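The exercises below are meant to be worked with the sequence and the model side by side. Please try each task before reading the solution that follows.

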Amino acid sequence: MNEGIIGLIESKITYENKLIFGIFILIVGFLVWGYSVTNFGERWEISPVIIFIMAIPSILLIIPNESIKNSKVLAILLGLVMLAFIGNGFYGLLTLEEFSRGEAAFDALRFFILGFDENALYEMIFEQGLEHYLLVIFYSLLNLICCFMMYIETPKTENSDVVPDGGRYCSNCGAYVVEDSNFCDECGQEID
C-alpha cells in the first residue's frame, strides 16, 4: 500500500510542477515575511535573511536547470537545514513562557512606569512569539516539501520526441510525424 501511495506522489511530481510549486512557496515566503513585519514588534519580526535561507529550496525549484532541480545532495543538505529550522521553532515554542518572562523584564518596567498592565505585556509577547515560531515551522515545512520534490528525479518533458496521442515530432524540423512512418514528410529525415 505504501509503495502505491509513494508511487502516486512521485507520478504527480513533474519538472513543470516543481516550477509551479517553487513559485507558490516563494510567494508564501513573501507573505510570511510581510505578515511578521506588519503584525509583530521588532523582537518577533522574521528577518528577510532568514526567510531567504528558508526559501532556498523553493528558489532552486524555480531555476531552469535539470541538474539543480534533481539534485539529491542539495535536497538532503537543505532538508537538514529545514529540519534545523523546524527544531528551532519547536524549541522556541517549548521555552516561550520562560523567554517572555525573562526577556521582557525591562519592557515590563518601562510599561509599569508608563501605566500599562504587565500581564498584558506578557500576553502580547507570548502571542507574538507563538505566531512567530508557528510561522517559522510552517514555512520550513513547506520548504522541506520542496527538498523532497528536489530529491525526486524528474526529466524535462519539453524535449521529448513522443507526444501523448502516440505520434511523434521530427527532431530535425519539428513537424508532426505519423506514428508508423519511418521518415518525416516535411524534410525527409529518418525517424528513430
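**Exercise 1.** In which loop does asparagine 70 lie?

Solution. Begin with how the model is to be read: it is a predicted model, in which local features need pLDDT of at least 70 and side-chain atom pairs count only at pLDDT 80 or more, while totals for chains, interfaces and linings use all residues. Residues are numbered from 1 along each chain as its sequence is written, and side-chain values use heavy atoms, with hydrogens and water left out. With this numbering, asparagine 70 falls in the loop between helix H4 (66–69) and H5, where helices (H or I, at least four residues) and strands (E, at least two) are DSSP runs numbered from the N terminus.

Next, consider its surroundings. Asparagine 70 counts as buried because its relative accessibility is 12%; buried means under 20% relative accessible area, exposed over 50%, and partly exposed in between (1.4 Å probe, protein chains only). Leaving aside residues up to four places away in sequence, asparagine 70 touches Lys18, Met150, Ile152, Glu153 and Thr154, a contact being heavy atoms within 4.5 Å.

**Exercise 2.** Describe the protein chain as a whole, and state how confident the prediction is.

Solution. First, count the elements: the protein chain has eight helices and two strands, and from the N terminus on they run α-α-α-α-α-α-α-α-β-β. Second, look at burial and contacts: of the 192 residues in the protein chain, 34% are buried, and among contacts between residues at least 6 apart in sequence, 66% join residues at least 24 apart.

Third, turn to confidence, given as pLDDT (the predictor's confidence in each residue, from 0 to 100). The protein chain averages a pLDDT of 79, and 74% of the residues score at least 70. Over residues 159–164, however, the pLDDT is below 50, and this stretch has eight contacts in the model beyond near neighbours in sequence. Where pLDDT is low, the predicted coordinates should not be read in detail.

**Exercise 3.** Is tyrosine 15 buried or exposed?

Solution. Locate the residue, which is found in helix H2, and then read its accessibility: tyrosine 15 counts as buried because the value is 7%. Although tyrosine 15 and methionine 150 are 135 residues apart in sequence, they are 9.6 Å apart in space, C-alpha to C-alpha.

Glycine 34 counts as partly exposed because its relative accessibility is 23%.

**Exercise 4.** Which residues form the nonpolar patch on the surface?

Solution. A patch is made of residues with over 30% relative accessible area and no salt bridge, with like charges joined within 9 Å and nonpolar side chains (Val, Leu, Ile, Met, Phe, Trp, Tyr) within 5 Å; a salt bridge is a side-chain nitrogen of Lys or Arg within 4 Å of a carboxyl oxygen of Asp or Glu. Val73, Ile76, Leu77, Leu80, Leu83 and Tyr151 form the patch, with about 590 Å² of accessible area together (Shrake-Rupley method with a 1.4 Å probe; for residues, only the protein chains shown count as cover). Its largest share, five residues, comes from helix H5 (residues 72–94).
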